[in-house]
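This report describes selected features of one protein structure. Please look at the sequence and the model before reading on.

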Amino acid sequence: MAKAIRMSKTGGPEVMEYVDVEVGEPAAGEVRIRHAAVGLNFIDCYFRAGLYPQPLPAGLGQEAAGTIEAVGAGVSGFKVGDRVAYAGRPNGAYAEERVMPADILVKLPDAISFDTAAAMMLQGMTVQYLLRQTYAVQPGDTILFHAAAGGIGLIACQWARALGVNLIGTVSSDEKAALALQHGAAHVINYKTENFVERVKELTGGRGVQVVYDSIGKDTFLGSLDCLRPRGMMVSFGNASGPVAPFGVSELASRGSLFLTRPSLGNYTSTRAELDATAGDLFDMVLGNKISIEINQRYALKDVGQAHADLEGRKTTGSTILIP
């Protein structure tokens, strides 16, 4: 038996239960992993609350790092004792141990700790596909990145700086503004005290930015469109404030023939080659000291309810991990 988080209904943090589960042995194509550290991400809150549906009862969590303890038939490239990390479905990372498909695992370089890996896989690979694939930023580009002091945001600030990109970040406090600037943001806007659309226009001489990366959703979506220059790209990759309301596609035309995309990590890492390339790029940035992963909160797995409350209350900065 192992301890894990399970939920039988959707709702607030209180629906998550810390229970004993039977882990079992891996079937064909699967491995059993003992987790050393588990990542906490906003997408977990979406599943818990029911914004993203899944069959119930269910586990939660899409990111962790640990050691392989058993390997099922037909698995190649992995063996017992390998240090591995992963990010992506199926849910269930909130556990001491789990059995899971081997095809979403990557081997972890010896120089990267389990804690660091658990804190960076989902967030770091998200930044990789956003900046290098969804819209491949170029040196000298000016971009807008919402939630710049969060886990994804702080990685994006550093990655953008390494690429010679001017990142304008939005945050909710002066303390978070200072943090984003320390990590490479060229400019930071506190949207509690400033109108971010007007400030972006000021910073860009009225032109707007080439691309907006928006994980906030409902509260920022139309304003984000207004920050773009003609034929700019709107990348909506999250719903922290709630889902974006339906809107007419003419909104894109009236603002200058804008592009809009709603990407997800799974669609950028759907093959082994894509996964290895995306994770490999992230590992290179970390090992080359171009990106530092800031783990600013640690919680015991049994205290995951408090962790969710703090994340949704915007009380966290950088990355957060759960310790089984």
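How many bridges join strand 3 to strand 4, and in which sense do the two strands run? The answer is 7 bridges, with the strands running antiparallel.

## Basis of the model

This is a predicted model, in which local features need pLDDT of at least 70 and side-chain atom pairs count only at pLDDT 80 or more, while totals for chains, interfaces and linings use all residues. Residues are numbered from 1 along each chain as its sequence is written, and side-chain values use heavy atoms, with hydrogens and water left out.

Helices (H or I, at least four residues) and strands (E, at least two) are DSSP runs numbered from the N terminus. Two strands pair if DSSP finds at least two bridges between them.

Residues are called buried under 20% relative accessible area, exposed over 50%, and partly exposed in between (1.4 Å probe, protein chains only). Strand 3 (residues 30-39) has 7 of its 10 residues buried, so it is largely enclosed by the rest of the structure.

## Helix 2 against helix 9

Two packed helices are described by the angle between their axes and the distance between the axes. The axes are lines fitted to C-alpha atoms, for helices over the stretch in contact, and angles run from 0 to 180 degrees between N-to-C directions. For helix 2 (residues 114-134) and helix 9 (residues 272-287), the axes come within 9 Å and cross at roughly 100°. The two helices are therefore roughly perpendicular to each other, a term for angles of 65 to 115 degrees (under 35 is roughly parallel, over 145 roughly antiparallel, the rest oblique).

Contact means heavy atoms within 4.5 Å. On helix 2 the contact residues include Met121, Gly124 and Arg132, and on helix 9 they include Ala279, Asp281 and Phe283. The residues of this contact divide into 8 nonpolar, 4 polar and 2 charged. In this grouping Ala, Val, Leu, Ile, Met, Phe, Trp, Tyr, Cys and Pro are nonpolar, Asp, Glu, Lys and Arg are charged, and the others, Gly among them, are polar.

## Nonpolar cores

A nonpolar core is a set of buried Ala, Val, Leu, Ile, Met, Phe, Trp, Tyr and Cys residues joined through side-chain atoms within 4.5 Å. The largest one has 54 residues, and Met121 and Tyr213 touch the most other members. Helix 2 gives the most to this core, with 11 residues. A second, separate core of 31 residues includes Met7, Phe47, Val75 and Tyr86.

Leaving aside neighbours within four places in sequence, the contacts of methionine 121 include Glu63, Tyr86, Val106 and Leu282.

## Backbone details

Leucine 56 and proline 57 are joined by a cis peptide bond, with omega about 0°. Proline 57 lies in the loop between helix 1 (42-49) and strand 4 (63-71). Another cis peptide bond links arginine 89 to proline 90, with omega about 5°; proline 90 is in the loop between strand 5 (83-87) and strand 6 (97-101).

Arginine 231 is not a glycine, yet has a positive phi of about 65°. This arginine 231 belongs to strand 12 (residues 228-236) and counts as exposed, at 64% relative accessibility.
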